[in-house]
Amino acid sequence: MRDIAVFSGSAHPDLAAEICAHLHVPLHPVRVSRFANDCLEVQLQANCRERDVFLIQPLVPPVQEHLVELLLMIDAARGASAARITVVLPHYAYARSDKKDAPRISIGGRLVADLLTSAGAHRVLAMTLHSPQVHGFFSVPVDHLHALRELAAHFKGYDLSNAVVVSPDLGNAKEAAAFARMLGTPVAAGAKQRYSDDRVQISTIIGDVTDRDVIVLDDEIAKGSTVIELISHLRERQVRSIRLACTHGLFSSGALERLSAQEGVLEIVCTNTVPIPADKRVPKLEVLSVAPALAEAMRRIHNGESVSALFA
């Protein structure tokens, strides 16, 4: 592919390298240094002038470091006369801050979207945003992909004659219903109330799950408090088996170990939108790659082809 330049920040270089392998283009180096006063400095170490520049950087811990790094990469590309700058955001952490649900609270999802645009981003390629309204926070074009195809392809390898897809809450029910249609299964959902970041209560499960093989689908799993609460209700309904699936496997604060130890959980499936260190993985974990999907979307953006036709 001519006139394309791909760079990666330090958040997830393995995913960026895999994307570039699918595109058959080099992953250009980026120098990140720190001044004595702790400020970051970024240098893109390849020509950007009049080129289609893609910057790959999921916002993963430490989120603030990686965000500033991304903003500096955008600024460097703009200062180097890039023809177009596309930010590839496999995971947009601030998407969870998407509404004013308490007095005097910030809406980080919109603010960070404004920061990316002000820095010089011309468009954004994102994967499974936390809620649909986050798409509208950006004042530049956004190609919003999902990982349902990759997840569905994995689960189609099982006997799904007795399976049901379960959403942990009603907010994710639409995505769970689409996933269930792909698998040809019914769908159910938990009625959840959140009291804090790690304290939730599920009052009931809407739908028939008794004596079924359950596939729990969520957009991301962080501490796992919601999923563990849901699992306890599923066990009360005497389900046959439980498999967990999500796009963003953040698995903070020992969540992987806790989920893996839950009775009845046979498998935990996520994608590689965020890095999962080898020493934190467990035998029940299966990580699927979204690099082919992101690479194809980048190719279509570069060539001016329809992205929605591919990921509708």
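Modeller: Helices are DSSP runs of H or I with at least four residues, strands are DSSP runs of E with at least two, and both are numbered from the N terminus. In this predicted model, local features need pLDDT of at least 70 and side-chain atom pairs count only at pLDDT 80 or more, whereas totals for chains, interfaces and linings use all residues. Residues are numbered from 1 along each chain as its sequence is written, and side-chain values use heavy atoms, with hydrogens and water left out.

Biologist: Where is A80 found?

Modeller: A80 is in the loop between α2 (63–79) and β6 (84–89). A80 touches C48 and R49, leaving aside residues up to four places away in sequence; contact here means heavy atoms within 4.5 Å. Between A80 and D143 there are 63 residues of separation in sequence and 24 Å in space, C-alpha to C-alpha.

Biologist: Which backbone value marks S81?

Modeller: Most residues other than glycine have a negative phi, and most peptide bonds are trans. Phi of S81 is near 65 degrees, a positive value in a residue other than glycine. S81 belongs to the loop between α2 and β6 and is partly exposed, at 25% relative accessible area. E50, in the loop between β4 (40–44) and β5, has a positive phi as well, near 55 degrees. With 57% relative accessibility, E50 counts as exposed.

Biologist: What joins P61 and P62?

Modeller: The link between P61 and P62 is a cis peptide bond, with omega about -5 degrees. P62 is placed in the loop between β5 and α2.

Biologist: What does the side chain of D52 make a polar contact with?

Modeller: A polar contact is a pair of N or O atoms within 3.5 Å; within protein, one must be able to donate a hydrogen and the other to accept it, and residues adjacent in sequence count only if both atoms are side-chain atoms. For D52, the partner is the side chain of H302, at 2.9 Å. D52 lies in strand β5 (residues 52–56) and is buried, at 8% relative accessibility. Beyond four places in sequence, D52 touches D3, I4, A5, R84, T86 and H302.

Biologist: Which side chain makes a polar contact with that of R243?

Modeller: The side chain of E267 does, at 3.3 Å. R243 is part of strand β13 (residues 241–249) and, at 18% relative accessibility, counts as buried. Among the residues that R243 touches are F155, Y158 and L266.

Biologist: At roughly what angle do the axes of α1 and α8 cross?

Modeller: Two packed helices are described by the angle between their axes and the distance between the axes. Axes are lines fitted to C-alpha atoms, for helices over the stretch in contact, and angles run from 0 to 180 degrees between N-to-C directions. The axes of α1 (residues 13–23) and α8 (residues 291–303) come within 8 Å and cross at roughly 55 degrees. That makes α1 oblique to α8 (under 35 degrees is roughly parallel, over 145 roughly antiparallel, 65 to 115 roughly perpendicular and the rest oblique). L15, E18, I19, H22 and L23 of α1 meet A291, P292, L294, A295, M298 and R299 of α8.

Biologist: Within what distance do the axes of α4 and α5 come?

Modeller: The axes of α4 (residues 148–155) and α5 (residues 173–183) come within 10 Å and cross at roughly 45 degrees. Helix α4 is therefore oblique to α5. L148, R149, L151, A152 and F155 of α4 make the contact with E175, A178, F179, M182 and L183 of α5.

Notes: Buried means under 20% relative accessible area, exposed over 50%, partly exposed in between (1.4 Å probe, protein chains only).
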